[in-house]
Amino acid sequence: MSQEITTALLCLHKEKVSCGECRSCVMIKHGTHPDRLSVQADEGSLIKIDQLREVIKKVENSPKVSKHHVVYIERCETMTTQCANALLKTLEEPKISMFIVLQCNEESKILPTILSRCFIEKPQINRDQLQKFFSKIEQLHPHYKFLKYTHCEQPLLVDDFVKDKRTYELYKTVAQSLWQRNWQPIHVSESLKSYQAHDIIDCYTNCLTSMLAKKSNISERETKLFDVIQDEFELDDSLKISAWQGFKILNTLIDTKSTLSSTVVATGSYLLERTLIDIWNIQRSTHSQ
Ligand SMILES: [Zn+2]
């Protein structure tokens with residue numbers, strides 16, 4: 001969809017969607033359009049400020065084929081803090097001859113100050129297609145069955161996750177710490193240091209919500225998630241946290257999430273370590289404290 005928006009913005013025919021035939025549309029098809037500039041992270045890395053600066057510099061020249069430049073930023077949630085701040089500055093002082101198309105798979109990781117300066121378009125999700133997609137995932141990657149419940153409306157992200165075992169390992173580590181008693185915050189934080197803090201907190205929230213749902217039987221989807229996780233990672237519910245402890249942990253996670261949302265924190269940090277210690281303490285506390 002974001003590619004289509006980019007093409008439509010550069011199309012020389014004044015139609016709402018791209019014509020597919022004009023010089024601009026043909027050049028885009030061949031990847032040779034001089035006014036279409038794109039920025040993306042290198043494999044396993046983040047988008048750096050220099051990459052953004054480089055394209056913004058090119059935009060200072062007049063467009064060659066279309067009436068304006070279009071800068072396409074793929075997976076813009078992978079920008080470094082520095083890069084996100086530079087983008088924000090660019091958005092605050094827009095150039096007339098430029099559009100910026102930001103594509104992302106996880107809106108929650110974008111700075112609210114950037115989001116508030118964007119027109120947001122979301123793809124329409126067809127229920128049938130989604131169901132077929134997840135059946136296929138379950139068939140090809142049975143160990144990733146839990147994604148159907150944790151990311152039921154984010155097929156693009158799921159498609160990314162199943163390519164390796166990273167997300168699997170994340171869920172395994174987090175579920176073990178929530179289900180069982182024998183874990184240490186410092187070890188968990190060490191083994192999760194290559195993950196983004198956002199992803200870790202989301203994972204904790206998903207697992208914990210499933211525990212709370214199982215206790216009170218409130219949501220079928222969450223309850224199923226609990227069973228799938230327990231099954232997949234062969235966990236026995238030895239810790240048996242109370243609803244009171246569950247909600248207290250949830251509160252901690254919500255606090256951490258909101259702190260994270262006001263700044264882009266790339267990987268595990270002091271904040272995460274503190275959150276893990278809080279969870280550990282709550283698991284061992286009693287109601288009277
Ligand atoms: Zn066209």
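This section describes the fold, helix packing and selected residues of a predicted model.

The chain comprises 14 helices and three strands. Along the principal axes, its C-alpha atoms occupy a box of roughly 70 × 40 × 30 Å. Of its 289 residues, 29% are classed as buried. When contacts between residues at least 6 apart in sequence are considered, 71% of them connect residues at least 24 apart. The domain assignment divides the chain into domain 1, covering residues 2-115, and domain 2, covering residues 165-284. The centres of domain 1 and domain 2, calculated over C-alpha atoms, are separated by 36 Å.

The three strands form an open sheet in the order β1-β2-β3, and their pairing is parallel. Strands β1 (36-39) and β3 (98-102) each have a single partner strand and stand at the edges, so one side of each lacks a neighbour in the sheet. From one strand to the next, the twist averages 20°. Strand β2 spans residues 69-73 and is joined to β1 by four bridges, the two strands running parallel. Within this pairing, Ser-38 is placed opposite Tyr-72 of β2. Helix α3, formed by residues 49-59, lies across β1, β2 and β3. The direction of α3 is at about 170° to that of β1.

Helix packing is described next for two pairs that share helix α11. In general, a pair of packed helices is characterised by the angle between the two axes and by the distance between them. Helix α11 comprises residues 197-216, and its axis comes within 10 Å of that of α13, with a crossing angle of roughly 155°. Because angles over 145 degrees count as roughly antiparallel, α11 is roughly antiparallel to α13. The crossing of these two helices, α11 and α13, is left-handed. On the α11 side, the contact is made by Ala-197, His-198, Ile-201, Tyr-204, Thr-205, Leu-208, Met-211, Leu-212 and Lys-215. The residues contributed by α13 are Ala-243, Gly-246, Ile-249, Leu-250, Leu-253, Thr-256, Lys-257 and Leu-260.

Helix α9, residues 166-179, also has an axis that comes within 10 Å of that of α11, and here the crossing angle is roughly 50°. The helices α9 and α11 are therefore oblique to each other, and their crossing is right-handed. From α9, the residues involved are Leu-170, Tyr-171, Val-174, Ala-175 and Leu-178. They meet Asp-199, Ile-200, Cys-203, Tyr-204, Cys-207, Leu-208 and Met-211 of α11.

Backbone geometry was examined at two loop positions. Most residues other than glycine have a negative phi. Arg-75, which is not a glycine, has a positive phi of about 50°. Arg-75 belongs to the loop between β2 and α4 (81-92). This residue, Arg-75, counts as partly exposed because 19 C-beta neighbours lie inside 10 Å, whereas the buried class requires 20 or more. Glu-234 is likewise a residue other than glycine with a positive phi, near 50°. The position of Glu-234 is in the loop between α12 (220-232) and α13 (243-261). Glu-234 is exposed, since 8 other C-beta atoms are found within 10 Å.

Gly-20 is located in the loop between α1 (2-10) and α2 (23-29). With 12 C-beta neighbours inside 10 Å, Gly-20 is classed as exposed, because that class extends to 12 or fewer. Gly-20 and His-69 are 49 residues apart along the chain, and 18 Å separate their C-alpha atoms. Ile-277 is part of helix α14, which spans residues 270-284. Having 15 other C-beta atoms within 10 Å, Ile-277 is partly exposed. The distance from Ile-277 to Asp-231, C-alpha to C-alpha, is 26 Å, and the two are 46 residues apart in sequence.

Technical notes. Residues are numbered from 1 along each chain as its sequence is written. This is a predicted model: local features need pLDDT of at least 70, side-chain atom pairs count only at pLDDT 80 or more; totals for chains, interfaces and linings use all residues. Two strands pair if DSSP finds at least two bridges between them. Axes are lines fitted to C-alpha atoms, for helices over the stretch in contact, and angles run from 0 to 180 degrees between N-to-C directions. Two residues are in contact if their C-beta atoms, placed from the backbone, lie within 7 Å. Domain bounds come from an automatic or database domain assignment. Angles under 35 degrees count as roughly parallel, over 145 as roughly antiparallel, 65 to 115 as roughly perpendicular and the rest as oblique. A crossing is left-handed if the near helix is turned anticlockwise from the far one by less than a right angle, and right-handed if clockwise.
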